[in-house]
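Good morning, colleagues. Please look at the sequence and the model on the screen while I go through a few local features.

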Amino acid sequence: MNEQDWLIIHTLYKHKNVTNTARALYISQPSITLRIRQIEELLNTKIIERGNKGVTFTPAGEYLAKCAQDMLAKMSSVREDLSAINSRYKGVLRLSAPGILIKYRLASIISEFRQLYPEVVFEVHTMHSSDVIACTKSGQMHLGLVRNEFGWSDDEKILLAQDSVCAVSTREFSLQDLPNMVGIEYNTDGYYRHFLDKWWGSNFATTPNIGLKVSNLDSCREFVLAGAGYAILPSIAVEDVNSLHKIDLYDELNQPIVRKTWLIYKKETLKISLVELFVNFLKSRFHSKY
């Protein structure tokens, strides 16, 4: 039974007349009669008796009428509580992240969150992970998304995703072919650039043959798709492209190399109800995944 059923029973008990009930609810008389019959069949009990002066409720019907009153009052109370909760969560959340995380991670998270809390406004700022760290520490940003947490306290971060790092090209290749292939390099944070240089130095005696340097990951991805060369990219950027050949990278211990996505925040910002709400939302969504 749904709320409409309880409303029909409640209104019919009040008017003791199907015609007046239909007028009050803007529902046709046959629809009300049919639904009462369906409820009776569902509960396997007689609710009303028809007579010349209208309808009379059976003892079971009297009980259901009382239940209907209670259920409708409860639903009204629930709506009031939800309205109070939603009106409480108004305001602005300031959040920063690298462009790749805004595009491939944050957009879907914010969309899902705002379906629940449509009056929360997000200010999203694009910056490198090192700048995200600094702005979150200083309080300029309530929250940040980073690809490396740089020793951020365990109880002030949430792991949102883990992505492999892979070499990608439009043509078939092996990792041993990379020194002889044209590479495409994009501007990234110093930590990741140092990491890539270290991986290369551990695997090859020569420097990479970089034929193209671009400003961001998206541009790099497009040049790779155009066949201009290979690139080393996080899998998140190419997981939707089946036409590319991809080889995951491994470290010296033969462990897959991954880039983790973290949400970071300061404990004191949890005193802000919107920050606490968003952090708890992400904890419930991601804590059991990794």
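**Salt bridges, surface and pocket**

I begin with Lys 66 and Asp 70, which both lie in helix H4 (residues 59–88), four residues apart, or about one turn of the helix. Helices here are DSSP runs of H or I with at least four residues, strands are runs of E with at least two, and both are numbered from the N terminus.

Two remarks on the basis of this talk. The model is predicted, so local features need pLDDT of at least 70 and side-chain atom pairs count only at pLDDT 80 or more, while totals for chains, interfaces and linings use all residues. Residues are numbered from 1 along each chain as its sequence is written, and side-chain values use heavy atoms, with hydrogens and water left out.

Side chains of opposite charge can pair when their charged atoms come close. The side chains of Lys 66 and Asp 70 meet in a salt bridge, at 3.0 Å from N to O; the term requires a side-chain nitrogen of Lys or Arg within 4 Å of a carboxyl oxygen of Asp or Glu. Lys 66 is partly exposed, with a relative accessible area of 45%, and Asp 70 is partly exposed at 40%. For these classes, buried means under 20% relative accessible area, exposed over 50%, and partly exposed in between, with a 1.4 Å probe and protein chains only.

How many salt bridges does a search of the whole structure find? The search finds 13. Among them is the pair of Glu 119 and Lys 90, whose closest N and O atoms are 3.3 Å apart. This pair links distant parts of the chain, 29 residues apart: Glu 119 is in the loop between H5 and strand S4 (120–126), and Lys 90 is in the loop between H4 and strand S3 (91–97). Glu 119 counts as partly exposed at 39% relative accessibility.

Asp 163 forms a salt bridge with Arg 105, with closest N and O atoms 2.5 Å apart. Because Asp 163 lies in strand S6 (residues 157–169) and Arg 105 in helix H5, the pair ties together parts that are 58 residues apart in sequence. Is Asp 163 buried or exposed? Asp 163 is buried, with a relative accessible area of 3%. Salt bridges that share partners join Arg 105, Arg 147 and Asp 163 into one network.

I turn to backbone geometry. Tyr 26, in the loop between helix H2 (18–25) and H3, has a positive phi of about 55 degrees although it is not a glycine. Tyr 26 is exposed, with a relative accessible area of 79%. Asn 254, in the loop between strand S10 (245–248) and strand S11 (258–265), likewise is not a glycine and has a positive phi of about 60 degrees.

Finally, the largest pocket holds about 330 Å³ of space. On a 1 Å grid over the protein atoms alone, a pocket is an open set of points where a 1.4 Å probe fits, with protein on both sides within 12 Å along at least five of seven lines; lining residues have an atom within 4 Å of a point. Of the 21 residues that line the largest pocket, the closest to its centre are Pro 98, Gly 99, Ile 100, Asn 187 and Leu 217. H5 gives the most to this lining, with four residues.

Methods:
Points joined across faces, edges and corners; volume = space filled by probe spheres on them.
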